[in-house]
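Please have the sequence and the structure open as you read.

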Amino acid sequence: MISVRAGLLGAALVGVVGCGELLDGDALTDTLGFGEVTKSCDLRASQLEAKAYCQEWRGMADAPTAEIGPRGICTTLAAEFHDGPCPSEGIIAGCFVAEGGDGADSFWWFYPA
């Protein structure tokens, strides 16, 4: 469900901004001169429905809009936003989920329930 929301959010941003095509993360950093950052959303702290995982995005372009996707997802889920990686303490497993349209890699980290 999170990846669906993230995909819809990305599509909405493209529609609002009016981009004809999405640039990958390398193209954004090369073209705009931004570095790359990691953001995360810890669903263990969700006030709606706590889940035993945290979603992490690595390699996002460090642009003014870098927080819109992860921060928006965290806000929607009433979860805890991190300006950095998911907490490493207690992780029992993890998986690579997908590469986003911006070139950022998405990971899910799992914790004991």
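Which residue in β5 is the bridge partner of Arg58? The partner is Asp105. Keep in mind that this is a predicted model.

## Strand β2 and its neighbours

Strand β2 covers residues 53-61 and is mostly covered itself, with 8 of its 9 residues buried. On one pairing, β2 runs antiparallel to strand β1 (residues 36-42), and 7 bridges join the two.

The Arg58 and Asp105 pair from the opening question belongs here.

## Two disulfides

The structure holds 2 disulfides. One joins Cys41 to Cys74, with 2.2 Å from S to S. Cys41 sits in strand β1 and Cys74 in helix α3 (residues 68-76), so this pair ties together parts that are 33 residues apart in sequence. Both Cys41 and Cys74 are buried.

The other disulfide links Cys54 and Cys86, at 2.1 Å from S to S. Because Cys54 lies in strand β2 and Cys86 in the loop between β3 (80-82) and β4 (93-99), the pair ties together parts 32 residues apart in sequence. This Cys54 and Cys86 link is left-handed, with -90° about the S-S bond. Cys54 is buried at 0% relative accessibility, and Cys86 is buried with a relative accessible area of 7%.

## Pattern and another cysteine

Counting bonded cysteines along the chain, the disulfides follow the pattern 1-3, 2-4. Cys95, at 33% relative accessibility, counts as partly exposed.

Methods: Residues numbered from 1 in each chain as written. Predicted model: local features only at pLDDT ≥ 70, side-chain atom pairs only at ≥ 80, totals over all residues. Heavy atoms only, no water. Buried < 20%, exposed > 50% of the residue type's maximum accessible area, 1.4 Å probe, protein only. Helix = DSSP H or I, 4+ residues; strand = E, 2+ residues; numbered from the N terminus. Pairing = 2+ DSSP bridges. Disulfide = S-S within 2.5 Å.
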